[in-house]
Amino acid sequence: TEPLASPATPEHHFVYDPQKAVSYLATTLAWLGDPAAEEPARIVIANAPPGKRPRRIALARIDLASCLITHGRTDEAVAEARKAILLAMSPHQASGA
């Protein structure tokens, strides 16, 4: 079989979004405590289209934070977790208003 092209509308749940596989890999490795989770988590964050997929980016940041904290990189882990929390908040809540 031939590889399928990337979907035009990956938010459609019946069309495979290749970036989901990278996200799932990061989460699985993070849950296992594998330091290899860092690379796919960073790929998900770097490849996210601006203003799109905020939950996926927030989860990738949580996966990255989990990986970093497990391996003694506390300051980086806290920074990533904070970014995830702020991303998940509405703009009104994030501003502290």
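Colleague: Which residues are linked in a network of salt bridges?
Modeller: This is a predicted model, and a search of the whole structure turns up 6 salt bridges. Within it, Glu76 pairs with Arg42 at 3.6 Å, N to O, and Glu76 also pairs with Arg73 at 2.9 Å. The network is made up of Glu38, Arg42, Arg73 and Glu76.

Colleague: How many residues apart are Glu76 and Arg42?
Modeller: Their side chains meet in a salt bridge. Glu76 sits in helix H4 and Arg42 in helix H2, and the pair links distant parts of the chain. The separation is 34 residues.

Colleague: What about Glu80 in its salt bridge with Lys83: is Glu80 buried or exposed?
Modeller: The closest N and O atoms of Glu80 and Lys83 are 3.7 Å apart. Because they are 3 residues apart in helix H4, about one helical turn separates them. Lys83 is partly exposed at 41% relative accessible area. Glu80 has 8% relative accessibility, which is under the 20% cut-off, so Glu80 counts as buried.

Colleague: How do H3 and H4 run relative to each other, roughly parallel or roughly antiparallel?
Modeller: Helix H3 covers residues 54–70 and helix H4 residues 74–88, with their axes 8 Å apart. The angle between them is about 160°. Anything over 145 degrees counts as roughly antiparallel, so H3 and H4 are roughly antiparallel.

Colleague: What is the handedness of the crossing, and how many nonpolar residues does the contact have?
Modeller: H3 passes H4 in a left-handed crossing. By class, their contact has 1 polar and 4 charged residues alongside the nonpolar ones. On the H3 side the residues include Ile57, Ile62, Leu64 and Leu68, while those in H4 include Ala77, Ala81, Ala84 and Leu87.

Conventions: Residues numbered from 1 in each chain as written. Predicted model: local features only at pLDDT ≥ 70, side-chain atom pairs only at ≥ 80, totals over all residues. Heavy atoms only, no water. Axes fitted to C-alpha atoms, helices over the stretch in contact; angles between N-to-C directions. Helix = DSSP H or I, 4+ residues; strand = E, 2+ residues; numbered from the N terminus. Parallel < 35°, antiparallel > 145°, perpendicular 65-115°, else oblique. Left-handed = near helix turned anticlockwise from the far one by under 90°. Contact = heavy atoms within 4.5 Å. Nonpolar A, V, L, I, M, F, W, Y, C, P; charged D, E, K, R; others polar. Salt bridge = Lys/Arg side-chain N within 4 Å of Asp/Glu carboxyl O. Buried < 20%, exposed > 50% of the residue type's maximum accessible area, 1.4 Å probe, protein only.
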